[in-house]
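Here's a quick tour for anyone meeting this structure for the first time. Take a look at the model, then read on.

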Amino acid sequence: MDPACQIDFYVLARPTQSAGELACRLAMRAWEQGHRVLVRVANDEDARRLDEQMWDCPAGRFVPHGRGGAAADAPVGIETAGNRVPGERDLLINLCVEPVADVNRFRRLLEIVPAEPAQRDASREKFRNYRALGLSPETHPMG
């Protein structure tokens, strides 16, 4: 396990806050800071939805991205479990309910915690999982 992996949980306060929009803003900020970003989603429908959001979120901006194998050269890649993005990435934004199994592959891991109770429970489990691996996740409330 790479002890340098920094894990941050971004906790949404209201159900009206969008995990996808926050993922777009975080991906934009990370890309602007020189990171090679990977956003992991649960399925093809979530990948399609996030792909659409990245064309204009944050408002008036474009997150340079690609999906699956087509994302090899894109600064931000979107992957699903069955459609992995090739190449090295140093920052992962996880939008899946499962913890990241290959966390040592990244220098940073960003988890977005939706306001819905079932998804919060899954995020709590992920937090415990990462702590059991000897990592020290941080939390950040998103008012």
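Among contacts in the chain between residues at least 6 apart in sequence, what percentage join residues at least 24 apart? The figure is 64%. Keep in mind that this is a predicted model.

Let's start with the overall layout. The chain's secondary structure comes to three helices and seven strands, and reading from the N terminus, the elements go β-α-β-α-β-β-β-β-α-β. The radius of gyration is 14 Å, close to the 15 Å that the globule rule gives for 143 residues, so the chain is as compact as a globular protein of that length.

| Property | Value |
|---|---|
| Radius of gyration of the chain | 14 Å |
| Span of the C-alpha trace along its principal axes | about 35 × 35 × 30 Å |
| Share of the 143 residues that is buried | 45% |

Now for the inside. The largest nonpolar core has 23 residues, and Val 37, Val 39, Leu 50, Met 54 and Ile 93 are the ones with the most contacts inside it. Several elements give two or more residues to this core, among them β1 (6-12), α1 (19-32), β2 (37-40) and α2 (44-53). The largest share comes from α1, with seven residues.

Leaving aside its neighbours within four places in sequence, Met 54 touches Cys 24, Ala 27, Val 39, Arg 61, Phe 62, Val 63, His 65, Val 76 and Ile 78.

Next stop: Phe 127, which sits in helix α3 (residues 117-132). Is Phe 127 buried, partly exposed or exposed? Its relative accessibility is 21%, so Phe 127 counts as partly exposed. Setting aside neighbours within four places in sequence, Phe 127 is in contact with Phe 9, Pro 137 and Thr 139. Ala 27 is 100 residues away from Phe 127 along the chain, and the C-alpha atoms of the two are separated by 21 Å.

The structure holds one cavity of 30 Å³ or more, and the largest cavity has a volume of about 40 Å³. Which residues line the largest cavity? They are Asp 44, Ala 47, Arg 67, Gly 68, Ile 78, Glu 79, Thr 80 and Asn 83. By class, that lining has two nonpolar, three polar and three charged residues, with α2 and β4 each supplying at least two residues of the lining.

Terms used: Residues are numbered from 1 along each chain as its sequence is written. This is a predicted model: local features need pLDDT of at least 70, side-chain atom pairs count only at pLDDT 80 or more; totals for chains, interfaces and linings use all residues. Side-chain values use heavy atoms; hydrogens and water are left out. A nonpolar core is a set of buried Ala, Val, Leu, Ile, Met, Phe, Trp, Tyr and Cys residues joined through side-chain atoms within 4.5 Å. Buried means under 20% relative accessible area, exposed over 50%, partly exposed in between (1.4 Å probe, protein chains only). Helices (H or I, at least four residues) and strands (E, at least two) are DSSP runs, numbered from the N terminus. Contact means heavy atoms within 4.5 Å. On a 1 Å grid over the protein atoms alone, a cavity is a set of points where a 1.4 Å probe fits but cannot get out, and a pocket is an open set with protein on both sides within 12 Å along at least five of seven lines; lining residues have an atom within 4 Å of a point. Grid points are joined across faces, edges and corners, and a volume is the space filled by probe spheres set on the points. Ala, Val, Leu, Ile, Met, Phe, Trp, Tyr, Cys and Pro count as nonpolar, Asp, Glu, Lys and Arg as charged, and the others, Gly among them, as polar. The radius of gyration is taken over C-alpha atoms; the globule rule is 2.2 Å times the number of residues to the power 0.38.
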